[in-house]
Amino acid sequence: MSIENTKVGAEKRRVTDKRTNGGEIGWDDQSLQRMLADTERLTEETGYYRGIEDLALKEEDRFEYERLYSRLRGALVSARETALHVSASPIVREIGELCFQIYTPEGDSIAVSTGIIVHVHTGSLAIKWMIDQDYEHDRGIEPGDVFCNNDNDLGNVHTTDVHTIVPIFHDGELVAWADGVTHEADIGGASQGHTSIVHTSRFEDGIYATCEKIGEDDELYQDWKVRGERATRTPMYWDLDEKCRLAGCHMIREAVHEIIEDVGAETFKQFTREAVEEGRRTMESRVQERLFPGTYRSTSFAALPLEEEGWKPEQKQDTMHHLPVEMEIRADGTMSLDMEGTSSQGDHSFNAAEGSMTGGLWVSLTQCLLHDGKVNDGSHYALETHFPEGSLTNPDDPQLSFHAPWGTIMPAFQAVWENVSQGFFARGFREEVVTGYSETSNSVQGGGTLMESMAQIIPDEVGDYFPVSPFDLSCQGLGASAVRDGLDYGYAMWNPESDMGDIEEWELVQWGTQYLSRQIKTDSAGHGKYRGGSGWEGVMTVMGTDDCTLYKASQPDVTFSKAGMSGGYPGSTKYAVRAHDTDLADRAREGDPYPVGDTPPGTFEEHIDGDVTRTHRGNYFPKEYDNHDVMHFQMGGGPGWGDPLERPVPKVVGDVEDEVYSPDTVESVYGVVGEFDEKHRDFDLDEPATEAAREEIRERRREASETFEEFYERERERVADGDVADVVAGMYRDAFDMSEAFETEFHDFWDLDGSGF
Amino acid sequence: MAERGEAVPVWLSSEQKPIRGEVPRMNTLVIEAYAAEPSRKQLYRVDDGFAELGSEAPVRVLTSSGGTVAPEHDWLADTMLSGPIGGIFGGEFVAEELGIDNLVCSDVGGTSFDVGLITEGHYPTRWDQSLAQFMVAIPMTAMDTIGSGTGSYVRVDRASERIEVGPESAGYEVGYSNRDADVDVVTVTDCTLALGYLNPESFLGGDIPVDRDVALEGIREQVAEPLGEDVHETARGVLDIVERDMSNELRGLILGLGYSPENYTLLSYGGGGPLHAAGYSRGLAFQDVIVPQWAAAFSAFGCACADAAYRYDRSVDEILQPDFSNASSVAYALNDSLEDLRERAEDAFDRDGVDPDTVEFRPSLRIQYLGMLDDLEVEIGEVYDDEEGLSAEDVETVIDRYEAKFDRVFKRAAKSPENGYQLTMAIGVGVAPSPKPTIPDEELQGETPPEAAHTGTRDIYWDDDWHAADLWRMRRLEPGNRIEGPAVVEAPATTILVPPGYDAPLDENRIYHLREQGTGGDVL
Amino acid sequence: MASETDERQVAQLIDGEIGWSELRNDVLPDPKDGERFEVTRRLLEERVDFENPILLPLNDHLYAVGSDRGRIVKCDCGQEFCSLDENWKHHARVRVREAEADHREIYPEYQTSTPSPPATRSGRASSPTSTPSTRSGSGSRRRTHDRIQRYNRTNHTRIHL
């Protein structure tokens, strides 16, 4: 028994006594419900968090205040750094997909660690829900308790992120909450892995802990452990990740107790409150400092082509989602985000709870405005959001699947980033522009079991099932800024860990799969004066398995999510190639070549014989793979900025030599002509031909373009006749159904009473 | 290549560094291929230079995992971080000499604060290290670094009105107050100057001219005024933040490994260590805070303390059943690898012309619970038999050691023996002892320092007030002398700050013990 | 207080000539330059041929400028598009790439939008898409959800300082 544990025992007795005598666990003998109500009321009335107009502690001793902040944050980062070594999942350990936060008793975050900071606000929602449901009197909240939540509607982003929440008491009062989140390798959903696309309802999403108490006296309940063991395909990972989270939360609790011992409870309490108000002010002053006030609009699109692959009848359709974003940036530093006109929710995995959408906002804002690690819920109070009820961004049916909201969040936020970038650019901070990103949704997933002979050595406890959940998706192309090219295969907006991970570490966990290659994906970077970051591709095969299923989402695949900026182009779309019943074994024996990529597309088949299937869309639904079957996968490129014809020719030459673009592409897009010696990576530029080609491109632009009036008339007729792809027509019908305002605006623009959709 | 008549050097990681992890393995191989030969040539030139002066001593280079190697060593990549690591070895030496079990080594330099831990005489070796942002497979003594040093820039963020320190720094150019340099932004050193801790006349023995008034003006304009604070309070506040960051770092490292500052002695060195030691040790109840007289050159001293040693590693990835039912076959496989590593180490010493009888073989294993991804290094020299290797029972003993270590490093909530174990890596280190420096051991003189050592007084700012501090010339102080704060002990390459309420007795080993008075402890 | 150094840096940002190290270590991190907007504006004015005062840049070539007919959108080639109240794209030429052949000028096959409907390589015939499912949920499910949603409500009220 550790010192902490006996302390917890004593604390618990103290609280129990208090409660028995009618006392409350909030401050000054108030209930948490009362504290929460007061906070909301004061904040709304005064415009300051909890009415705190003067940051007295900060003003009185600014350096002491700083020390407290850095000490608290240091504890969070330290907890994360240590805890991640306990996890079994390379997603957590290798990539760093975890996060620790600390909240006020009412559930406002004071500070967060590094990692998946999307969770600044999600734990807040869960805590507030528990307060609203009167957990303090009903279920009980006591020292040593352990709570768990991953229900997206109650306070989470997607099902596979699991929160362990621990209350921190001092002297009979709840002074803070610690929350640790990790991204699980398998969540027990309808298909193997962490981000399944096959779902049609909540009842396929996997294990849900719905703000449950899962332990007390610092120990997990036996029945909860049993549930965990039986609920996912990877009980060992589940168990170790849980230990990781709990260990981290306990470290934070210890740190808070030490801080209180040093500075006293009153100072600590006051500090936590001022920190949140400070967060609000910092957000506002950052906005004022760095963005240009105004109204910004952009729209993203997301396709879900499931007609061919869907397992259930209601899945078997192709849809396209409309994701319009209007943002107002105000002179007082507040911001609003409005997604009026968004497509309706549906029977698929991509429904995003409102909390998930705001989570996305945090990931974004902490990378461009609040990146010095001092983000907390104060920022949340400087923002307004409108996510239409019943839409993909605020579903009103809790029985839908909320499993993989990234399918909505990622494309939607392309438009958010474009808006914010426009604001930066206008304000002069053109280095902060981010034209967009390659969506980190193309993750290879699946699982299998090893052959008997291979599995013998593995202890029974561990079992012979292996998950396939590499997280090399956290390494994609980032869009160009307005001053430089994007980052090649080195960034993933939604996973700022930006790391593809060591292949041998992935293979250590994914026993039955072997990587055959990783290489640059030529022609994936979005074109422009500044090109987007390039993507990369890989090839994987299966070996030593009894069975194995694999799948991979790919977004964007059949359509682009959005364009580039200022004349730049989007990164290329993604697709799927796989080969079954192959001659890979023969090739290995003979020393013959095997596929190491698919560049240009179509060459994969040149080095493998077998049953090859190639689709424009991803492989969303799991397929069976036998030993020596081969899968190709890719991570995409980011969008570009500016006119490709303004890209300096030497840079284009460099692009060819680095295999970012093929000679054909640079000729037709950039008008750069020459001879490429692949062996020596030497592009011999033909200057006169280049000049001529560029002039030709300009000429073609003149010829192939039309006046706006001509364009408008033509398109207007199409709208009137409904002469668009069925999927597009369906998208608009649905959008009109969802939003009268959008319908009116749309028809006003086209000067029509109705459309032919 | 031979067929073609081409002489092309080839590096094969499967031969030279067969360990799991393709990214660090490849990076390290590239470093070796690229930098080894030119480095080797440079080392030979050093050797020649010394030889010309009549030296017969061999040239050896400190590796980042402990031990020195000859320039002929076939894997010079291991010498990448000699400098900072030297301090930790110096600490280990001092710890052993003085019988200190647990020592925190802290080095305050111009750009960074480096910390390493020695626990029960051992320092942990970390695998996942990065060098200039490249992941490498170089076994390194676990050392933490934060970008907060004496030359770090101090700025005010307009939006949040917060003070930001570093990570950029003026480096060797010291700060705004350096009249010979072109530094625009005030630094941490400028703050220490402003508060009277540093002697502007003798910075680096007078080689760098620093102007205290310039420092004050810079701080006022850039930091104090934007915050609406008094300039001296601001300078002290900056140091508070810096020292708090350092102390957080210390706390984080110690607690992260499962220990507590109360278990440790803090050793402070580097150019800036003795100046900030009182500040960053405040509030952390270390058993003792020690500052050696040779603090400024401590890393170099540390290099001289190391033995000659060659370390070889190999990934083995043996799975041991939770019930130890396959311990025999695991032992067999391990012995194979360990024997192979031992031979490589012996060959290296053979090449160096070292008497094999003086060479000791110290094997270790890296182990983790199956399913976890972070292994811990466990020394197995005590159970490993030079003739027989490990037996099945020995394997169990080794596991016991692993679990004890795990307990110390991670919280009790995390153990998972039911999953079995993975013995990931076999490590073989051959060690041949080298002559060591000797730590001074002198007769104690009286508590009162000699008159000649006292060079005057200067006001210093501490705890919101000015105090008249005695100035002492370090070279003239004698073992037994007790420096009573407020005081500043000055030497060309370093300054020791003894704040009000502290004292610093100098012991027979010429090591100062910085003590907050009233905290007890009879040192001498 | 825009110093010479600041101007040089901003000019390099505008001209795309800033080095990676300076960008990464000096320009991108905090603190940000308080004069950036004004300095940028002024440097841009120096670069364009027209006399109109620049209010703010819209992209590489388009600016919001002042003129005697009020605030307009103007290109650095001299073309005046329209009032700032209008959408300048209504006054621009438009080029649309719709056919796959047009897409293929920019992207390789499979790396661009798919002609509708998305098909496997064997080229299946298209099938009509069914009506996309819209809102579902009985009243009671909706009510439960409202209760849950109450605490998920993000702040709709303006915060006034």
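Helices and strands here are DSSP runs, numbered from the N terminus. With that in hand, let's walk through this predicted model, starting with a spot in chain A. D134(A) sits in the loop that links α6 (122-132) to α7 (136-140) of chain A. Most residues other than glycine have a negative phi.

D581(A) is no glycine either, yet its phi is positive, at about 55 degrees. You'll find D581(A) in the loop between β17 and α17 (584-590) of chain A. D581(A) counts as exposed because it has 12 C-beta neighbours inside 10 Å.

The loop between β16 (545-552) and β17 (576-580) of chain A holds P556(A), and the bond joining Q555(A) to P556(A) is cis, with omega about -5 degrees. Most peptide bonds are trans. Chain B has a cis bond too, running from G485(B) to P486(B), with omega near 0 degrees. P486(B) belongs to the loop between β20 (482-484) and β21 (487-490) of chain B.

Now for the inside. The largest nonpolar core has 328 residues. Which residues have the most contacts inside it? They are L76(A), I252(A), V104(B) and V238(B). Take V238(B) and set aside its neighbours within four places in sequence: V238(B) is then in contact with V154(B), I163(B), V165(B), V188(B) and C191(B). There's also a second, separate core, this one of eleven residues, including V652(A), V660(A), V666(A) and Y670(A).

Last stop: a pair of helices in chain A. Helix α10 covers residues 235-263 and helix α11 covers residues 265-290. Their axes come within 7 Å and cross at roughly 115 degrees. Where they meet, α10(A) brings I259(A), I260(A) and V263(A), while α11(A) brings A265(A), T267(A) and F268(A). What kinds of residues make up the contact of α10(A) with α11(A)? Five are nonpolar, one is polar and none is charged.

Conventions. Residues are numbered from 1 along each chain as its sequence is written. Chains are lettered from A and ligands numbered from 1 in the order in which they are written. This is a predicted model: local features need pLDDT of at least 70, side-chain atom pairs count only at pLDDT 80 or more; totals for chains, interfaces and linings use all residues. A nonpolar core is a set of buried Ala, Val, Leu, Ile, Met, Phe, Trp, Tyr and Cys residues joined through C-beta atoms within 7 Å. A residue is buried if 20 or more other C-beta atoms lie within 10 Å of its own, exposed if 12 or fewer, and partly exposed in between; C-beta atoms are placed from the backbone. Two residues are in contact if their C-beta atoms, placed from the backbone, lie within 7 Å. Axes are lines fitted to C-alpha atoms, for helices over the stretch in contact, and angles run from 0 to 180 degrees between N-to-C directions. Helices (H or I, at least four residues) and strands (E, at least two) are DSSP runs, numbered from the N terminus. Ala, Val, Leu, Ile, Met, Phe, Trp, Tyr, Cys and Pro count as nonpolar, Asp, Glu, Lys and Arg as charged, and the others, Gly among them, as polar.
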